[in-house]
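These are notes for a colleague who is meeting this structure for the first time. Please keep the sequence and the 3D view at hand while going through the numbered points.

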Amino acid sequence: NEIKGYKVFNPNWTSTDSFSPEGVKYEVGEIYEIDERPFVGHAGYLFYKRAEDCFHYEDDFDSSNKIAEIIALGDIHENYNLYSTNKIKIIREITWEEFMQIANIGKGNVGYNNIGNYNQGNYNAGSYNIGEYNIGSFNTGDDNSGSYNFGDNNSGYYNFGDHNFGDHNCGYYNFGHNNIGNWNSGSFNIGDF
């Protein structure tokens, strides 16, 4: 019952997880095995089936880490998106550049966990977003839902500012459409409140 996946290592090829055997320097092409039954967080060799999960669960994960494609050959324990096995083969090292492409779904993304094309930042769904956690396209900022938003936490389209709900708002905390100013409820308001 083999599973392919990814394992993160320290720059010196020791394991980043504290429950793997201590002091072992791993090598590409080698098989490693322990006698214990695997249990995520307690025993075994920790690995991920999805490349993007390395960002979610590894502390201080960056380009200094070694990343390998692996095959789990032994017993496997799964907990959410975490996996542990008692027998592992290190297939090959993956460069940071290749890994960043694997971790993104789409083309031309800079960052990780992007779905779509040409996003800059992290966790964007859509295309041409700059920032994080945007859903839609052409957003600049964070946590926008919709498209063509400039700022943060906007829902709708063509908002300039933060926390707008609706379309074509300029300012902050507007609810409605075509508002210029802040804290407006309704549409076509110019000014505040």
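1. A residue is called buried here when its relative accessible area is under 20%, exposed when it is over 50%, and partly exposed in between. By that cut-off Cys54 is buried, because its relative accessibility is 0%, whereas Cys170, with a relative accessible area of 32%, is partly exposed. A search of the whole structure finds zero disulfides. Please bear in mind throughout that this is a predicted model.

2. Which residues of the largest nonpolar core touch the most other members? This core has 17 residues, and the ones in question are Tyr48, Cys54, Phe55, Phe61 and Phe99. At least two residues of the core are supplied by each of β1 (3-9), α1 and α2 (96-103), and the largest share, three residues, comes from α2. Apart from this core lies another one, of 14 residues, which includes Ala68, Ile70, Ala72 and Tyr83.

3. Phe61 deserves a look of its own. If its neighbours within four places in sequence are left aside, Phe61 is in contact with Val8, Cys54, Phe55, Ile67, Trp96 and Phe99. Among these partners, Cys54, Phe55 and Phe99 are named with Phe61 as the core residues that touch the most other members.

4. Helix α2 can be read from its buried residues, which are Phe99, Met100 and Ala103. Because these residues cover an arc of only 100° around the axis, they lie on the same side of α2. The buried residues of α2 pack against α1, β4, β7 and β8.

5. Strand β4, which spans residues 66-72, is mostly covered, with six of its seven residues buried. β4 runs antiparallel to β1, to which it is joined by seven bridges, and in this pairing Tyr6 has Glu69 of β4 as its bridge partner. β4 also pairs in the antiparallel sense with β7 (residues 87-94), here over six bridges, and Ile70 has Ile90 in β7 as its bridge partner. Ile70 is also one of the members of the 14-residue core.

6. A separate point concerns the open sheet of three strands, whose order is β3-β6-β5 and whose pairing is antiparallel. β3 and β5 (76-79) are the edge strands, each of which pairs on one side only, and from one strand to the next the twist averages 25°. Three bridges link β3 to β6, with Ser84 in β6 as the bridge partner of Leu46. Four bridges link β5 to β6 (residues 82-85); in this pairing the partner of Ile76 is Thr85, and that of Asn79 is Leu82.

7. How are the two faces of β6 covered? Leu82 and Ser84 are buried on one side, and Tyr83 and Thr85 are buried on the other. This can be set beside the general rule that in a regular strand the side chains alternate between the two faces of the sheet. The hairpin of β5 and β6 has two residues between the strands, and in that hairpin Tyr80 takes a positive phi near 60°.

8. Glu52 is placed in the loop between β3 (45-47) and α1 (53-57), and Glu52 counts as buried because its relative accessibility is 18%. Beyond its neighbours within four places in sequence, Glu52 is in contact with Ala103 and Asn113; Ala103 is itself one of the buried residues of α2.

9. Asn104 and Asn119 are 15 residues apart in sequence, and their C-alpha atoms are 9.7 Å apart in space.

Technical notes
Residues numbered from 1 in each chain as written. Predicted model: local features only at pLDDT ≥ 70, side-chain atom pairs only at ≥ 80, totals over all residues. Heavy atoms only, no water. Buried < 20%, exposed > 50% of the residue type's maximum accessible area, 1.4 Å probe, protein only. Contact = heavy atoms within 4.5 Å. Pairing = 2+ DSSP bridges. Axes fitted to C-alpha atoms, helices over the stretch in contact; angles between N-to-C directions. Core = buried A, V, L, I, M, F, W, Y, C linked by side-chain atoms within 4.5 Å. Arc of directions from axis to C-beta. Disulfide = S-S within 2.5 Å.
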